[in-house]
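I opened the model today to look up a few local features. My notes follow the order in which I checked them.

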Amino acid sequence: VRWAKAGHQVTIGSRDAAKAQAAAEELNQILGESRVRGATNRQAAAMAEVVVLTVPYSAQQPTAMEVRDYLSGKILIDVTVPLKPPKVSVVHVPPEGSAVLALQQRLGADVRVVSAFQNVSASHLRDLAHSVDCDVLVCADDEAAGNVAVALAEAAGLRGWRCGPLANSIVSEGLTSILIAINQRYKIPGSGIRITGTPRSP
């Protein structure tokens, strides 16, 4: 919804096009205009310049492989965190090192996979009246792809930081479980992180 507000064309994908359209209509009501559309996953991936994967860990690889034929040469921003219910406040490390590393290996080098946005509250992002006091960690092996994710963070009103190669995503993914543990213990509705000691944009 924040990207649509910033002027980007946004398409929501789902296995069920009707569900995608219903989700798009909800966001359009928040925006007050029709900027978001719904489609099947394959249609959405085919239309997109940048694909953002925001599904539970169990659906990450099946969803990505469903649209694999439409990802060649594109940027795929993966927001997946390898949470293992019911202990989502405990860090889980996949055998490959991180969920996004496993996905890059599966998709192949012609898809430019980026890790980002794991540590930002979805409910805060959805509330346009809420100033999101959180930075975005961006891990990428491809320089240009990483910079696109940083630009998208800024378009959403956040600040993105390049945090090294995709291998470093093990930390940003694990931070989500730590933030969940903090939220639970201190009753915080969506804690985030800030990178300190640096100049801030106005």
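Predicted model: local features only at pLDDT ≥ 70, side-chain atom pairs only at ≥ 80, totals over all residues.

Entry 1: I began with helix α4, residues 57–66, and helix α5, residues 99–107. At what angle do α4 and α5 pack? I found about 20°, with the axes 11 Å apart. Angles under 35 degrees count as roughly parallel, so I noted α4 and α5 as roughly parallel to each other. I also looked up the handedness, and α4 passes α5 in a right-handed crossing.

**Entry 2: who meets whom.** I listed the residues at the contact. From α4 come Tyr57, Gln60, Gln61, Ala64 and Met65. On the α5 side they meet Ala99, Val100, Ala102, Leu103, Arg106 and Leu107. I then sorted the residues of this contact by type: 8 are nonpolar, 2 polar and 1 charged.

**Entry 3: a cis peptide bond.** Next I went to the backbone. Which residues does the cis peptide bond join? I found proline 85 and proline 86 there, with omega at about 5°. I placed proline 86 in the loop between β4, residues 75–78, and α5.

**Entry 4: a positive phi.** I stopped at phenylalanine 117. Its phi is positive, about 70°, although this residue is not a glycine. Where does phenylalanine 117 sit? I located it in the loop between β5, residues 112–115, and α6, residues 122–126.

**Entry 5: the cavity.** About 30 Å³ of space lies in the largest cavity. I wrote down the lining: Val81, Pro82, Leu83, Val91, His92, Glu173, Gly174 and Ser177. By type, the lining residues divide into 4 nonpolar, 3 polar and 1 charged.

Definitions and conventions:
Residues numbered from 1 in each chain as written. Heavy atoms only, no water. 1 Å grid on protein atoms, 1.4 Å probe; cavity = no way out; pocket = protein on both sides within 12 Å on 5 of 7 lines; lining within 4 Å. Points joined across faces, edges and corners; volume = space filled by probe spheres on them. Nonpolar A, V, L, I, M, F, W, Y, C, P; charged D, E, K, R; others polar. Axes fitted to C-alpha atoms, helices over the stretch in contact; angles between N-to-C directions. Helix = DSSP H or I, 4+ residues; strand = E, 2+ residues; numbered from the N terminus. Parallel < 35°, antiparallel > 145°, perpendicular 65-115°, else oblique. Left-handed = near helix turned anticlockwise from the far one by under 90°. Contact = heavy atoms within 4.5 Å.
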